[in-house]
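Subject: Structure for your review

Dear colleague,

Please find below the structure that I am handing over to you.

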Amino acid sequence: MRTFRLVIACPDRVGIVAKVSNLLATYNGWISEANHHSDNLSGWFFMRHEIRADSLPFDVDGLRTVFAPIAAEYQMEWQVSDSAERKKVVLMASRESHCLADLLHRFHSGELDCEITSVISNHDDLRSMVEWHDIPFYHVPVDPKDKKPAFDEVTRLVNEQQADCIVLARYMQILPAELCEQYARRVINIHHSFLPSFVGARPYHQAAQRGVKLIGATCHYVTEELDAGPIIEQDVVRISHRHNAEDMVRLGKDVEKMVLSRGLRYHLEDRVLVHDNKTVVFG
């Protein structure tokens, strides 16, 4: 069903839900899903409504026009999106394939409602897998002594494809601050949830030596500060003394790809609202 997604964040006060609901009812708007959250700590209110497109007498621009006065009255940060307009996604990867393969499979089977415009990689290893899905593959090597030319090319490709979202599917390079700023809240990354305990190479082997009982993954928006952006989704899997380092790597990859796919889905469906460095996720 085609819907218009109305997403709102504003200072909390009495009457917000009634005001929005009354406006939609005036135009016979059929709310098929409604989510609200009042954050007592920050004093902010968050809302996400899905409205059946066929119930309104106007298109998505018309909804934006009639809603604008309420948004101004309540000092809202807001957006209206059309579920029929598929977001353009650029995937980035290095050599590890598990997250990329999982996203490509979900896209190929219709589970992810988006358009994957390309895959960009600093290695050529995954080209055949990507091209099997009829998706363009761009090999952009990164010179460790001078990374700027590579990221200039990455930025050019992303801009050329008019990407709405960039997903780092185990892309093992740090994006430059300029790209993070240009695509703020639109770059999604995944990392293991040991941080900051086991920093650097072979974190699962480090964890195995410490005898940890839980391993997990974190999906988050990328900021200039490494692995410190607003968290979208997390999950864990329990392990025991019976699991060796190789078992932990396998289980870690499973949870990484599940968390990344869920985080991307929430983003594509406009379910993630960011306030400061914290998210409200209407899952």
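Which element supplies the largest share of the lining of the largest pocket? It is strand S9, which contributes four residues. Please bear in mind that this is a predicted model.

**The largest pocket**

The largest pocket holds about 950 Å³ of space. Its lining consists of 41 residues, and those closest to the centre are Arg170, Met172, His191, His192 and Asp227. Several elements each give at least two residues to this lining: helices H6 (177-182), H7 (203-210) and H8 (245-268), together with strands S9 (187-192), S10 (214-221) and S11 (231-238). Sorted by class, the lining has 20 nonpolar, 13 polar and eight charged residues.

**The second largest pocket**

The second largest pocket contains about 510 Å³ of space. Here 19 residues form the lining, and Gln79, Arg185, His267, Asp270 and Val272 lie nearest the centre. Two or more residues come from each of strand S1 (3-11), strand S4 (77-82), helix H8 and strand S12 (272-275).

The largest cavity has a volume of about 70 Å³. The residues that line this cavity are Arg5, Asp82, Ser83, Glu85, Arg86, Lys87, Asp113, Leu268 and Glu269. Seven of these lining residues are charged, one is polar and one is nonpolar.

**The cysteines**

How many disulfides are there? The count comes to zero. For cysteine 114, the closest cysteine sulfur belongs to cysteine 165 and lies 8.3 Å away, so the two are too far apart for a bond. Cysteine 180 is likewise in no disulfide, as the nearest cysteine sulfur, again that of cysteine 165, is 13 Å away.

Are cysteine 114 and cysteine 180 buried or exposed? Cysteine 114 counts as buried because its relative accessibility is 0%. Cysteine 180 also counts as buried, because its relative accessibility is 4%.

With kind regards

Definitions and conventions:
Residues are numbered from 1 along each chain as its sequence is written. This is a predicted model: local features need pLDDT of at least 70, side-chain atom pairs count only at pLDDT 80 or more; totals for chains, interfaces and linings use all residues. Side-chain values use heavy atoms; hydrogens and water are left out. A disulfide is a pair of cysteine sulfur atoms within 2.5 Å. Buried means under 20% relative accessible area, exposed over 50%, partly exposed in between (1.4 Å probe, protein chains only). On a 1 Å grid over the protein atoms alone, a cavity is a set of points where a 1.4 Å probe fits but cannot get out, and a pocket is an open set with protein on both sides within 12 Å along at least five of seven lines; lining residues have an atom within 4 Å of a point. Grid points are joined across faces, edges and corners, and a volume is the space filled by probe spheres set on the points. Ala, Val, Leu, Ile, Met, Phe, Trp, Tyr, Cys and Pro count as nonpolar, Asp, Glu, Lys and Arg as charged, and the others, Gly among them, as polar.
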